[in-house]
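Biologist: I am new to this structure. Could you walk me through how to read its features, one by one?

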Amino acid sequence: ADIRHVKIVGQWRYNTDGIDICNSRRVGVRDCYIRSFDDTLVIKGVPPYREKSVEDVTVERCVMWCGWGKTLEPGIETWASAFRNVRVSDCDLIHSSGCALNVSAGGTAVQEDFLYDNIRVELQSDTKREILQKTDEQRYAPGEKPHMRPRLLKVDNWHYAFRGTENKFGHVKNLTVRNLQVTTDAAFGKPDIVVKA
């Protein structure tokens, strides 16, 4: 599949991911603008298709804005026969909420051979806190609690709830991040990097 020159704006409800690539091979996403309320671009392996691999995914020259969740995320769902060769380059992540670059091994697949290259990330200190919507009628009200601080990069081996009866869990290996440019405002401070995989 080749996704090019797509603009996504107006994903205002909870669980409105921008683009989800599930159990697919040879996928390219290029020259797109994605503004989503929930995760912006997600690469995952979902349980019903766990026999199909996730391989050879390329994301290039995209602009991403995440209002809630993760901006760019391979994971959390990683049920696949293979999960490898993901390349993200020359992208601008202009707004993030929970995390800009997130790699989570939540299923059974080993995630391997990932490259983030030439990524520009903007992190703001006035990001509103995330609130889980429990009913369709509920409206967002951030209240008086302090705003949240988006993470720059998080890599973890978090066992996701739908793992089923498998006794093995996946992990992340051969992840390369290079040419990463980060811009913050004066109040933000040093960006967080968390690696638990």
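Biologist: Let me start with strand pairing. Which residue in β10 is the bridge partner of Glu60?

Modeller: First, a caution: this is a predicted model. The bridge partner of Glu60 in β10 is Ser89. That bridge belongs to a wider pairing. β7 and β10 run parallel and are joined over six bridges.

Biologist: Which other strands pair with β10?

Modeller: Take β8 and β12. β8 is joined to β10 by three bridges, and the two run parallel. Here Trp65 has His95 in β10 as its bridge partner. β10 also pairs with β12 in the parallel sense, over nine bridges. In that pairing, Phe83 has its bridge partner in β12, and the partner is Gln111.

Biologist: Now the open sheet. In what order do its six strands come?

Modeller: The order is β3-β6-β9-β11-β13-β15, and the pairing is parallel. β3 (19-22) and β15 (193-195) are the edge strands, so called because each pairs on one side only. Averaged over the sheet and ignoring direction, neighbouring strands are turned by 10 degrees against each other.

Biologist: Pick Leu41. What is it in contact with, leaving aside its neighbours within four places in sequence?

Modeller: Leu41 is in contact with Ile19, Val29, Ile34, Val59, Met64, Thr71, Leu72 and Glu73.

Biologist: What about a polar residue? Is Asn102 buried or exposed?

Modeller: Look at its relative accessible area. For Asn102 the value is 1%, so the residue is buried. Asn102 lies in strand β11. Its side chain has polar contacts. One, of 2.7 Å, is with the side chain of Glu73. Another, of 2.9 Å, is with the side chain of Ser104.

Biologist: Which residues does Asn102 contact beyond its neighbours within four places in sequence?

Modeller: Lys70, Leu72, Glu73, Pro74, Tyr116 and Lys154.

Biologist: How do I read a pair of aromatic rings?

Modeller: A pair of aromatic rings is described by the distance of the centres and the angle of the planes. A search of the whole structure finds two such pairs. Phe37 and Trp68 are stacked, at 6.4 Å centre to centre and 20 degrees between the planes. Phe37 lies in the loop between β5 (33-36) and β6, and Trp68 in the loop between β8 and β9, so this pair ties together parts that are 31 residues apart in sequence. Phe37 and Trp68 are both buried.

Biologist: And how far apart are the ring centres of Phe83 and Phe114?

Modeller: They are 6.2 Å apart, and the planes are at 40 degrees, so the pair is tilted. Phe83 lies in strand β10 and Phe114 in strand β12, so the pair ties together parts that are 31 residues apart in sequence. Phe83 and Phe114 are buried.

Biologist: Last, the backbone. Which peptide bond is cis, with omega near -15 degrees?

Modeller: The bond from Gly75 to Ile76. Ile76 lies in strand β9, which covers residues 70-78.

Biologist: What is the phi of Arg26?

Modeller: It is positive, about 55 degrees, although Arg26 is not a glycine. Arg26 is found in strand β4. With a relative accessible area of 53%, Arg26 is exposed. Arg61 also has a positive phi of about 55 degrees and is not a glycine. Its place is in the loop between β7 and β8 (63-66). Arg61 is partly exposed, at 37% relative accessible area.

Technical notes: Residues numbered from 1 in each chain as written. Predicted model: local features only at pLDDT ≥ 70, side-chain atom pairs only at ≥ 80, totals over all residues. Heavy atoms only, no water. Helix = DSSP H or I, 4+ residues; strand = E, 2+ residues; numbered from the N terminus. Axes fitted to C-alpha atoms, helices over the stretch in contact; angles between N-to-C directions. Contact = heavy atoms within 4.5 Å. Buried < 20%, exposed > 50% of the residue type's maximum accessible area, 1.4 Å probe, protein only. Polar contact = N/O pair within 3.5 Å; in protein donor to acceptor, adjacent residues only side chain to side chain. Phe/Tyr/Trp six-rings, centres within 6.5 Å; stacked < 30°, edge-to-face > 60°.
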